[in-house]
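Please look first at the sequence and the model, which I now put on the screen.

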Amino acid sequence: MASTSSTPLSISSSSRLIDAKASRQTAVTSPQCVSLPTLPPPPVQPQNRPWKAAAYCRKIARNVMTMAAGEVAVEVASTELPEIVMTVQEAWDKVEDKYAVSSLVVAGGVALWGSAGFISAIEKLPLIPGVLELVGIGYTGWFAYKNLVFKPDREALIAKIKDTYKEVIGSS
């Protein structure tokens, strides 16, 4: 192999140990060595709120992307609400007993949370999830055969659903 360089490359070695935390500015510079400035330590983030730092980083990244696209960075502040929000607000204004409705919503949330915990506990049992799955498939098949296969049965089911809907919502 032919060497393209006429001067041999030598690596200088030192017999003294260098502390990693010692100042690197006192190191001897030579033509073969290049010393880079040290970076400051990263800021210490509190361990109890990592979501706050992630949200801040996303905000910075969003602003950088909008500035790169040439747009003006604006905060999301819309004065026009979606139609569903306005419908919910109108329905809430019509409610007379707001305390009872709020209590029902909270009770429903607690019941949903409790049933999810109950279902996850049943799921951990070895045989029961398979049996319950078979029961669910069987009931779905029976319901479809009884209510959905023939036209008179479908019409009766639709009428029953409409009657139940009117009872719950109230006829206007």
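In which helix is Asn147 found? Asn147 is found in helix α4, residues 128-147.

Before going further, a word on the basis: this is a predicted model, in which local features need pLDDT of at least 70 and side-chain atom pairs count only at pLDDT 80 or more, while totals for chains, interfaces and linings use all residues. Residues are numbered from 1 along each chain as its sequence is written, and side-chain values use heavy atoms, with hydrogens and water left out.

Let me turn to the overall picture. The protein has five helices and zero strands, and from the N terminus on its elements run α-α-α-α-α. Helices here are DSSP runs of H or I with at least four residues, strands are runs of E with at least two, and both are numbered from the N terminus. Of the 172 residues, 2% count as buried. Buried means under 20% relative accessible area, exposed means over 50%, and partly exposed lies in between, with a 1.4 Å probe and protein chains only.

We return to Asn147. At 16% relative accessibility, Asn147 counts as buried. Leaving aside neighbours within four places in sequence, Asn147 is in contact, that is, with heavy atoms within 4.5 Å, with Asp153, Arg154 and Leu157.

Next, helix α5 covers residues 151-169. Its 19 residues reach 27 Å from the first C-alpha to the last, close to the 27 Å expected at 1.5 Å a residue; the expected span is 1.5 Å times one less than the number of residues. Helix α5 is hardly covered, with a count of one buried residue among its 19. Just after α5, Gly170 takes a positive phi of about 95°.

I now come to the record. In an unreviewed entry, UniProt places the feature "transmembrane region" at residues 99-121 and 127-145. Over residues 99-121 the chain is 100% helix and 0% strand, and the end C-alpha atoms are 33 Å apart. Residues 127-145 are 95% helix and 0% strand, with end C-alpha atoms 28 Å apart.

Which residues does Lys98 contact, leaving aside its neighbours within four places in sequence? They are Trp92 and Asp93. Lys98 itself is found in helix α3, residues 98-123, and at 32% relative accessibility it counts as partly exposed.

Finally, consider Met86, whose place is in helix α2, residues 83-94. At 41% relative accessibility, Met86 counts as partly exposed. I thank you for your attention.

Conventions. UniProt positions renumbered as here; feature names shortened; annotations may be inferred.
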